[in-house]
Amino acid sequence: MKVVGLITEYNPFHNGHYHHITEARNLTGADYCVVVMSGNYVQRGAPALLDKYTRAKMALACGADLVLELPVCFSSASAEYFSMGAVSILENIGVIDYLCFGSECGKIDTLKEASDILLTEPPLFKKILNEALKTGKTFPQARMEALRMFMPQADISIFSSPNNILGMEYIKALTSLNSRIVPVTIPRIASGYHKEALNEGVDTVISSATAIRRAVRNKMPLTDLINHVPKEVFPLLSSTYNKTWPVFEEDFSLLLQYKLMAETSASLTRYLDVTPDLANRIKGLMEPGFSYAEAAKAMKSRQWTLTRINRSLLHILLNITEDSMKQYKANGYAQYGRILGIKRTSSPLLRTIAKKSRLPLITKVGGTANKLSKTAQSMLNEELCSTALYNEVVYNKFGILPKSEYKQGIVLQD
């Protein structure tokens, strides 16, 4: 049995994701494809456009065999924590042979070289990094400058492209965990990660998730997206459109206002990614009537990127603290493997995982207390609370919860 693992968000699932799954299976000769997917909140510090069970169903319909949830503490975190959380799940379920990810670079040796520098942090690297930070550069900019000094022969774009950065972090995580999983990368094709315009074409088109979300936000007719998503996905999108999705940051604006009103600058520093300086900025710039997005843009500065601000605000809203992340890190990052969906034909895979996994597997939340450690229960409680909040927002916006078939806690796909 060969198994390839993917780390994903599918926000939403599009043709590029279908290409990724197909190429991952072809390149590795895998019998099964296991996906670790962000739940209801994603790495850019925002709620997912669609709920996690609908997105899991899309993945299963397009080639995945098993979808596991990346806990919210990792799915909403920096690239390092996002990667460590996801890779720790793949490593500890005991069956993954390959980790396949897309990258702008497409060269695994170059990404490995960069990841080794990031992992070991030689003295000169640290010196250049710290000097760049002192000039007011953001951490990503400072790190890019330090890496460029160590790898002058490399294309400069490798150090700033989003999927390259995640790829380096995935490899770093594999090395840190002494994993036997082999990293494999495929070149990202057709559309840049942050490209906001849909690509044109009359047949299958690969556009970025950013462009698709922007089109939905601008109320483009859903039929205009039919060539941008797999044929298996469009019916799932169209049948639930304006019923349980789309969900945006703005839908959480009043909740965020209330949460920040109840906090002081000092108490805000409890939350993940919130430094004292950032806490003062958040309290000082938050104005009545600000939407979530308006607040984040007002707080953005040369020192803090918009994504960093969004993540910080989301951690405040969801009560994800610095102390809890330290606890998870000390205990090996992910504390369980929660199954969001599985193909019925993939039961041999699940039986093998059940035998080999070093993590407890969760199919139904009820009755998990006896098989979870205190740390794992804390992580799961964060997930349950954040999901309850997401569902409450969906209900208040649309008057309906995600389909009852998902309330069992797992999607079964034929």
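User: Which relative accessible area counts as buried, and is Gln 43 buried or exposed?

Analyst: Buried means under 20% relative accessible area, and exposed means over 50%. In this predicted model, Gln 43 is found in the loop between β3 (41-42) and β4 (46-47). Its relative accessible area is 9%, so Gln 43 is buried.

User: Which residue has its backbone oxygen 3.1 Å from a polar atom of the Gln 43 side chain?

Analyst: Leaving aside neighbours within four places in sequence, Gln 43 is in contact with several residues, including Glu 9, Ser 76, Ala 77, Phe 82 and Arg 311. The backbone oxygen that lies 3.1 Å from a polar atom of the Gln 43 side chain belongs to Ala 77.

User: How do the axes of helix α5 and helix α7 cross, and at what angle?

Analyst: Helix α5 spans residues 108-120 and helix α7 residues 139-150, and their axes come within 11 Å. The crossing is right-handed. On the α5 side the contact is made by Ala 114, Ile 117 and Leu 118, and on the α7 side by Arg 143, Leu 147 and Phe 150. By class these are five nonpolar, no polar and one charged residues. The axes cross at roughly 115°.

User: Is Asp 273, with its positive phi, buried or exposed?

Analyst: Asp 273 sits in the loop between α12 (265-268) and α13 (276-285), and its phi is near 80°. Its relative accessibility is 18%, so Asp 273 counts as buried.

User: Which residue does a cis peptide bond join to Trp 245?

Analyst: The bond has an omega of about 10°.

Definitions and conventions
Residues are numbered from 1 along each chain as its sequence is written. This is a predicted model: local features need pLDDT of at least 70, side-chain atom pairs count only at pLDDT 80 or more; totals for chains, interfaces and linings use all residues. Side-chain values use heavy atoms; hydrogens and water are left out. Axes are lines fitted to C-alpha atoms, for helices over the stretch in contact, and angles run from 0 to 180 degrees between N-to-C directions. Helices (H or I, at least four residues) and strands (E, at least two) are DSSP runs, numbered from the N terminus. A crossing is left-handed if the near helix is turned anticlockwise from the far one by less than a right angle, and right-handed if clockwise. Contact means heavy atoms within 4.5 Å. Ala, Val, Leu, Ile, Met, Phe, Trp, Tyr, Cys and Pro count as nonpolar, Asp, Glu, Lys and Arg as charged, and the others, Gly among them, as polar. Buried means under 20% relative accessible area, exposed over 50%, partly exposed in between (1.4 Å probe, protein chains only). A polar contact is a pair of N or O atoms within 3.5 Å; within protein, one must be able to donate a hydrogen and the other to accept it, and residues adjacent in sequence count only if both atoms are side-chain atoms.
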